[in-house]
Every structure is written in C-alpha cells, then in structure tokens.
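Please keep the structure in view while reading.

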Amino acid sequence: MIETQDALTLNNEDLAFIRMLGELFPNLESPLRFIEDEDLEPQEPEDVFKDFEERVFWDENSCATSPNLLERVIPVSECQARILFVERKSEERNSRSFYFSEQCVVEYKRQEDEHLFGPVRSEAALCAEIAQRFHTRDKSEFPKITLSAGDYLAFAVFARDLRSNESQEEEEQDSPMTLDEVLAFFDEPETKVVRMPNDDSWINSVEHLAEQNILVKGKDGYTIHPALCELAKQIVADNQYTVARFDYLDEQWLTREMNLYPTPESVYRLGTEPDGTVLLQELTTGTLADALSSIICTLPNILNPELQTTLRGLTS
C-alpha cells in the first residue's frame with residue numbers, strides 16, 4: 001500500500017479541474033478514464049483553484065497546474081503499461097498497482113472518491129523495492145529445475161504429506177490446497193489434461209525427483225529435501241507473490257508474469273515453460289534482480305528470447 005506520507009491525494013473535483021484546464025487526457029486503459037467517459041466538470045472551480053494554491057499545486061509563472069503534481073498524474077492518466085504486485089496468503093489478497101509512461105512509474109490507489117498517487121520512480125527503483133521484500137542466499141542450491149507435469153504432481157503430493165504433519169494450529173491458519181487446486185496450477189497443459197499417475201508413472205516421477213535431489217531416500221521412504229521443505233509448505237498453503245506487467249499495445253496487450261514463493265531464508269520462482277514443463281528455481285540476490293527486471297522493465301527486455309510472453313486481446 002502507498003505510504004501515507006508519500007502519497008498525493010486528489011478527489012474527483014481536483015481531477016475534473018485539471019481536465020477542465022486541458023491537462024488531463026486519460027486513455028482507455030487508465031483507471032482515471034471515468035472522468036472522460038462521464039464528462040466530469042468541477043462544480044466549484046474557484047474553490048478548487050484556491051485549494052490548489054494552498055497546496056502549491058498551482059504554478060503562478062505558467063498559470064497552469066504545477067509540474068510536481070502533473071508528474072504524478074500523467075503516468076496514470078496516459079499509461080503505457082500497468083505493473084501489478086500481488087501478495088496472497090491463504091485467503092488474504094493484497095495488491096499494489098503501478099502505472100508506467102515515458103520511463104516513469106507511479107503507484108495508484110483509489111479509495112472511494114479519493115485518488116492516491118505515489119512518488120515518481122524508475123522501473124529499476126521499483127525492481128529494487130520489490131526485491132527488498134525477500135530474503136536470498138548467496139548461492140543457490142537448486143538454481144534451475146524443470147519438471148514434467150507428472151513429476152510436479154508427485155512433488156505436490158509429497159508436499160501435501162509434509163504439510164499434513166504440521167500442527168493443528170498451523171493447519172487452521174493456512175488451509176492447504178486441494179488436489180483440484182494443485183491441478184489448476186497447469187493453466188494450459190499441452191495435452192489439455194493432467195492425469196493422475198499410475199503405478200509405473202508414479203515410480204518414474206519419484207525416481208526423476210530423486211535424481212534431481214528434490215526427494216531424498218531415508219529408512220522410511222522418500223521425503224522432500226530439507227532445503228525444500230519450507231518451499232513445499234508455502235506452495236501447499238498457497239502463500240505466494242505475483243509480479244505481472246501488462247503493456248498496452250495498439251490492438252493487444254503484452255503480458256508477462258512471475259510467481260514467487262518466499263521462505264524464511266530464500267525465495268523461489270515457480271512457473272511453467274512454453275513446452276508445458278514446470279520451472280522450479282531458487283533465486284539468489286542477482287538472479288532475483290534479473291527475474292524482476294525481465295518482468296517489470298520495458299524494452300529491450302521484451303525481446304529476450306528466453307522470456308515467456310503472451311498476447312491477449314483487449315477486453316471491453
């Protein structure tokens with residue numbers, strides 16, 4: 001959420017006044033578009049003008065809205081992209097929206113008739129701010145692992161077993177995912193169906209996980225590697241962060257997205273590759289910065305051949 005001391009707050013009257021001055025042109029994707037669609041005009045422009053003077057929102061030299069106000073409003077009004085940062089823990093969901101235009105990023109939040117605009121920052125500064133939310137290790141024990149759908153399903157089953165051994169108190173705090181929710185992780189599998197493994201495929205998946213040191217064999221059978229136990233608990237509890245960017249192209253949106261699962265000591269990226277396999281990657285300080293940059297930053301990172309992107313048609 002935008003820090004109160006950093007936020008600039010305007011109401012509908014203020015925004016209508018800026019529009020009346022010919023300085024506000026919300027595009028179709030802007031959250032301020034309602035001002036244009038409803039053709040809002042200030043009911044008491046004289047009062048708004050006096051308030052702008054008191055709040056130093058008026059530039060006497062140019063007889064126009066002050067640059068320090070417009071620099072926050074314009075990226076939200078004439079946005080070229082939206083960056084979404086979502087924290088989900090159990091049934092709670094907190095999200096922050098940042099709007100990008102002309103190399104500037106501004107956080108925006110609406111509370112009924114009030115509109116909060118955060119300070120202007122660069123994409124790199126936003127990457128750094130989000131990176132600070134997570135703990136990382138200097139060296140990654142699981143730098144990059146790819147799993148088939150069956151292998152990941154087997155891992156999820158072991159994770160659920162691990163979670164079931166938690167205390168009853170923790171069970172009540174974080175309700176574990178059902179099997180249907182585990183399967184729902186696969187948005188668009190190549191076969192359109194993710195089947196429960198039979199005995200042979202289950203054994204093969206367990207062996208593949210053991211070969212990659214994800215599972216370790218003990219006297220009581222296979223268990224998840226100790227370094228991955230906290231990750232497994234977070235996945236089953238569905239405690240994740242999502243970073244997404246939507247670039248507003250002429251006729252389509254370019255979408256990039258990444259899911260992060262933090263643990264007390266590290267953070268992991270979990271997602272699907274273009275061929276349908278599952279990516280599991282422990283991020284170090286450097287790789288976390290690179291991963292966030294690949295999602296948050298604009299061109300030329302979009303041209304990265306290793307970056308998975310999708311095009312979505314505009315919705316009305």
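A residue counts as buried when its relative accessible area is under 20%. Tyr108, at 8%, is therefore buried. The model is predicted.

**Aromatic pairs**

Aromatic pairs number 12. One of them joins Phe17 and Phe52: the ring centres lie 5.3 Å apart and the planes meet at 75 degrees, so the pair is edge-to-face. Phe17 belongs to helix H1 (residues 12-20) and Phe52 to helix H3, so this pair ties together parts 35 residues apart in sequence. Phe17 is buried, with a relative accessible area of 4%. Phe52 is buried as well, at 0%.

Tyr108 pairs with Phe117. This pair is tilted, with 5.4 Å from centre to centre and 55 degrees between the planes. Phe117 has 0% relative accessibility and counts as buried.

One aromatic cluster is formed by Phe17, Phe49, Phe52, Phe57 and Trp58.

**Pro45**

Pro45 lies in helix H3, which covers residues 45-54. Is Pro45 buried or partly exposed? Its relative accessibility is 22%, so Pro45 counts as partly exposed. Beyond its neighbours within four places in sequence, Pro45 contacts Phe17 and Met20. The C-alpha atoms of Pro45 and Asp14 are 8.7 Å apart, although the two residues are separated by 31 residues along the chain.

Notes. Residues are numbered from 1 along each chain as its sequence is written. This is a predicted model: local features need pLDDT of at least 70, side-chain atom pairs count only at pLDDT 80 or more; totals for chains, interfaces and linings use all residues. Side-chain values use heavy atoms; hydrogens and water are left out. Helices (H or I, at least four residues) and strands (E, at least two) are DSSP runs, numbered from the N terminus. Buried means under 20% relative accessible area, exposed over 50%, partly exposed in between (1.4 Å probe, protein chains only). Contact means heavy atoms within 4.5 Å. Rings of Phe, Tyr and Trp (its six-membered ring) pair if their centres lie within 6.5 Å; planes under 30 degrees apart count as stacked, over 60 as edge-to-face and the rest as tilted.
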